[in-house]
Amino acid sequence: MLILKNIDDDGWHFATSRTSRKGRELAEAPRAAMNFYWPGLGRQVRVAGTVTELSAEASAADWHERPRADGSDNPHWQLYALKPAEIEFWQASNDGQHVRHRVGPDGGPLG
Ligand SMILES: Cc1cc2nc3c(=O)[nH]c(=O)nc-3n(C[C@H](O)[C@H](O)[C@H](O)COP(=O)(O)O)c2cc1C
């Protein structure tokens, strides 16, 4: 469970410590998928692609925006951007005919 921090041309932003398990795994293999799930709607959006590290300045700014940050720095805190290669929209249906659309980064068909 992570907070989605922003979406811009770099991708879908999230932040974590580079020393966390996911931070270490991303250093080894910079690919990830994000899953957004709305149980009440039976709806899921899944975004998958490559992950890049954003700048030290942006990461520090993100750290200091955290509500309980006491003003001290965290050199391990890293802001990342996931650039979608594939986006899947999934909608549950009571009749079991669930709908799944998979599109490329620009909303068009997958390459
Ligand atoms: C509502 C919620 C929001 C969270 N947001 C973040 C976040 O933005 N970044 C983060 O590193 N961990 C966040 N966590 C904690 C992670 O889910 C996870 O426990 C932690 O990052 C350790 O993961 P690791 O297995 O990579 O060490 C959040 C947890 C919850 C319940």
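**A chat about the chain and its ligand shell**

Q: How many helices and strands are in the chain?
A: This is a predicted model, and its chain has two helices and six strands.

Q: What pattern do they follow along the sequence?
A: The order is β-β-α-β-β-α-β-β.

Q: What box do the C-alpha atoms fill?
A: Roughly 55 × 30 × 25 Å, taken along the principal axes.

Q: How many of the residues are buried?
A: Of the 111 residues in the chain, 14% are buried.

Q: Which residues make up the largest nonpolar core?
A: There are 11: Trp12, Phe14, Ala15, Leu26, Val47, Leu54, Trp77, Leu79, Tyr80, Ala81 and Leu82. Strand S2 (11–17) and strand S5 (77–91) are the elements that each give two or more residues to this core.

Q: Which gives the most to this core?
A: S5, with five residues.

Q: What is Ala81 in contact with, leaving aside neighbours within four places in sequence?
A: Asp10, Gly11, Trp12, His13, Val51, Thr52 and Leu54.

Q: New topic. Which residues are around the ligand?
A: Met1, Leu2, Ile3, Phe14, Ala15, Thr16, Ser20, Arg21 and Lys22.

Q: Which elements supply at least two residues of that shell?
A: S2 and helix H1 (21–28). S2 gives the most to the shell, with three residues.

Q: And what is the shell around the ligand like by class?
A: It has five nonpolar, two polar and two charged residues.

Notes:
Residues are numbered from 1 along each chain as its sequence is written. This is a predicted model: local features need pLDDT of at least 70, side-chain atom pairs count only at pLDDT 80 or more; totals for chains, interfaces and linings use all residues. A nonpolar core is a set of buried Ala, Val, Leu, Ile, Met, Phe, Trp, Tyr and Cys residues joined through C-beta atoms within 7 Å. A residue is buried if 20 or more other C-beta atoms lie within 10 Å of its own, exposed if 12 or fewer, and partly exposed in between; C-beta atoms are placed from the backbone. Helices (H or I, at least four residues) and strands (E, at least two) are DSSP runs, numbered from the N terminus. Two residues are in contact if their C-beta atoms, placed from the backbone, lie within 7 Å. A residue is near a molecule or strand if its C-beta atom, placed from the backbone, lies within 6 Å of it. Ala, Val, Leu, Ile, Met, Phe, Trp, Tyr, Cys and Pro count as nonpolar, Asp, Glu, Lys and Arg as charged, and the others, Gly among them, as polar.
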